[in-house]
Amino acid sequence: MRLEIETPSWGYGDSGTRFATFQQAGRPRDVLERIDDAAEVHRLTGTAPAVALHFPWDQGVQRADVEQRGLRVGAVNPNLFQDPDYKLGSVTHPDPGVRRKATDHLLECVEIATALGSTAQSLWLADGTNYPGQDDLASRRARMLECLAEVYAALPAEQELLVEYKPFEPAFYATDLADWGSALLACQRLGERAKVLVDLGHHLHGTNIEQIVALLRAEDRLGGFHFNNRKYADDDLIVGSVNPFELFLIFFELGDSLPRLTIDQAHNVEAKVEAMVLSVMNLQEAHAKAQLVDRAALAEADVLGGHEILLDAYKTDVRPQCAEMRRSLGAAEDPIAELRPYVERIVAER
Ligand code: LRH
Ligand code: MN
């Protein structure tokens, strides 16, 4: 019942791949309709009380627009990856004028967060290079840290800076914040309110994500998650749809201290609001299963004994308990079924 998930405003709007973007009937036409959809997801699931925003995509939204729909503003996401000036980098760019422009956008987002009552800047940098020799890697890092230090210094006490890493795309030789290590070192350099954000789709194959979670948690530098799932690269599919056991293990590593939990997905062909509802339900179930682990017995168990204790929890059907939990929150026992009238209405109205 205490689970609080942030759904992403950009997860309700048009999205696609470089090959095509398919518009869906009932798609939101502006930020207010994106927040309407987020509010419906919370009404049905009971545990999605916040909406993460992206700027300038959500430019113009007012705090009241969000709160009068029964939600609060989650993390504020700056955008330093679309403006043509950032082709060769933003805060890492060789040109101090471009770095100034990028830093000013980050400072503007700090102001926006203050106005919206948000307590986090969620920073992802697309910055990187495509060929060896294109730029000096150490110099890029020094430029980035200088700019981020100015932003960190401007952060009001109630705001934290979340640093998201990604190994590649859109850069395909070196990404400046490529992995948990480069993000953690940057956070340690910036200050204690700088923490690492783990996007599940931002790991090379074979990476043990739950171990990274355990490490960052032990360092008190786990700032939050971007939940989604992938089979190949940064596929941004529904969380738990590809690797539900990994999701369970991540919640097992989190124990009962949960950081910021944000969904970051792109629903290119599937029904968008239903996809978000199913995502929140998958997170509810993963969290519920992790709560069932008998940790005292685990501490005493041998090699397979420990594994079998985890499997017992993971293989437990918690859907009845989750339905009961939603009912007791005044939400829907069967959210997918109860979503139908809303979808019919938005398809008709939009
Ligand atoms: C980058 C990313 C980042 C967002 C974007 C929508 O891949 O995960 O978190 O800004 O997706
Ligand atoms: Mn992300």
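I take contact to mean heavy atoms within 4.5 Å. The model is predicted, with local features needing pLDDT of at least 70, side-chain atom pairs counting only at pLDDT 80 or more, and totals for chains, interfaces and linings using all residues. Residues are numbered from 1 along each chain as its sequence is written, and side-chain values use heavy atoms, without hydrogens and water.

Entry 1, a helix pair. I looked up α8 (residues 272–291) and α11 (residues 319–328), which pack at about 115° with axes 10 Å apart. That makes α8 roughly perpendicular to α11 (65 to 115 degrees counts as such). Axes here are lines fitted to C-alpha atoms over the stretch in contact, with angles from 0 to 180 degrees between N-to-C directions. Helices are DSSP runs of H or I with at least four residues, and strands are E runs of at least two.

I then listed the contact: Met281, Gln284, Glu285 and Ala288 of α8 meet Arg319, Cys322, Met325 and Arg326 of α11.

A pocket is an open set of points on a 1 Å grid, where a 1.4 Å probe fits, with protein on both sides within 12 Å along at least five of seven lines; lining residues have an atom within 4 Å of a point. I read a volume of about 1,400 Å³ for the largest pocket. Of its 41 lining residues, Gly16, Lys166, Glu169, Asp234 and Asp236 are closest to the centre.

The second largest pocket has about 400 Å³. Among its 14 lining residues, I found Met1, Arg2, His287, Ala288 and Gln291 nearest the centre. α8 gives the most to this second lining, four residues.

Conventions. Chains lettered and ligands numbered in written order. Parallel < 35°, antiparallel > 145°, perpendicular 65-115°, else oblique. Points joined across faces, edges and corners; volume = space filled by probe spheres on them.
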